[in-house]
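Student: I've got a model open and I'd like to learn how to read its features. Can you walk me through them?

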Amino acid sequence: ASRICLSGSKLPSAWLGHLLCPGMPGAPVPALYQANARAMQTAALNKKDKFAKRFVYYLAAFWSVVATVYLMCITFVQIPEASVRFADTILGFVLGTVIASIIGFFFGSSAVTNEQHEQMNARDSPAFK
């Protein structure tokens with residue numbers, strides 16, 4: 001089923017439409033994504049396959065090592081002047097996305113984010129409409 005975004009472009013699926021047009025009616029709430037991620041992790045833990053059980057930890061360990069190596073390299077290795085801006089962009093991505101996602105997954109998000117989720121849940125509830 002395709003939907004039309006506010007810009008008028010047709011989108012191939014509902015969830016893609018919600019990503020590109022977050023204000024779209026019926027857009028899933030981020031709390032539902034968290035519940036789905038928890039359910040997926042619970043299902044993985046119930047499997048007998050050790051790799052499936054530990055995949056999240058392997059993934060987090062891999063990206064933690066990559067982030068640490070990159071931070072060390074950008075700190076202690078001489079970067080050519082033409083590449084400094086590129087290196088800073090990657091550093092911002094590593095710190096703002098990779099590290100923040102790992103910490104958010106294992107330790108939860110901030111109180112401000114929880115308040116935003118509650119406001120979105122209230123906005124999307126049938127009583128609000």
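Tutor: A patch gathers residues with over 30% relative accessible area and no salt bridge, joining like charges within 9 Å and nonpolar side chains (Val, Leu, Ile, Met, Phe, Trp, Tyr) within 5 Å. A salt bridge here is a side-chain nitrogen of Lys or Arg within 4 Å of a carboxyl oxygen of Asp or Glu. Accessible areas come from the Shrake-Rupley method with a 1.4 Å probe, and for residues only the protein chains shown count as cover.

Student: Which residues form a nonpolar patch on the surface?

Tutor: Phe-51, Phe-55, Tyr-58, Leu-59, Phe-62, Trp-63 and Val-66 do, with about 670 Å² of accessible area together.

Student: Before I go on, what are the ground rules?

Tutor: This is a predicted model, so local features need pLDDT of at least 70 and side-chain atom pairs count only at pLDDT 80 or more, while totals for chains, interfaces and linings use all residues. Residues are numbered from 1 along each chain as its sequence is written, and side-chain values use heavy atoms, with hydrogens and water left out.

Student: Where is confidence lowest and where is it highest?

Tutor: pLDDT is the predictor's confidence in each residue, from 0 to 100. Helices (H or I, at least four residues) and strands (E, at least two) are DSSP runs numbered from the N terminus. Strand E1 (residues 3–4) has the lowest mean, 46, and H3 the highest, 91. The protein's mean is 74, with 60% of residues at 70 or more. Residues 1–9 have pLDDT below 50, and that stretch makes 20 contacts beyond near neighbours in sequence; a contact means heavy atoms within 4.5 Å.

Student: How many helices and strands are there?

Tutor: Five helices and two strands, running β-β-α-α-α-α-α from the N terminus on.

Student: Is Tyr-58 buried or partly exposed?

Tutor: Buried means under 20% relative accessible area, exposed means over 50%, and partly exposed is in between (1.4 Å probe, protein chains only). Tyr-58 is partly exposed because its relative accessible area is 42%. You'll find Tyr-58 in helix H3 (residues 50–76). Of the protein's 129 residues, 16% count as buried.

Student: How many aromatic pairs does the count come to?

Tutor: Rings of Phe, Tyr and Trp (its six-membered ring) pair if their centres lie within 6.5 Å; planes under 30 degrees apart are stacked, over 60 edge-to-face, and the rest tilted. That rule gives five aromatic pairs. One of them is Phe-105 with Phe-106, edge-to-face at 5.1 Å centre to centre and 90 degrees between the planes. Phe-105 is partly exposed at 43% relative accessibility, and Phe-106 is partly exposed at 34%. Back in the patch, Phe-51, Phe-55 and Tyr-58 form one aromatic cluster.

Student: What separates the C-alpha atoms of Ala-37 and Phe-105?

Tutor: Those C-alpha atoms are 9.4 Å apart, although the two residues are 68 apart along the chain. Ala-37 sits in helix H2 (residues 30–45).
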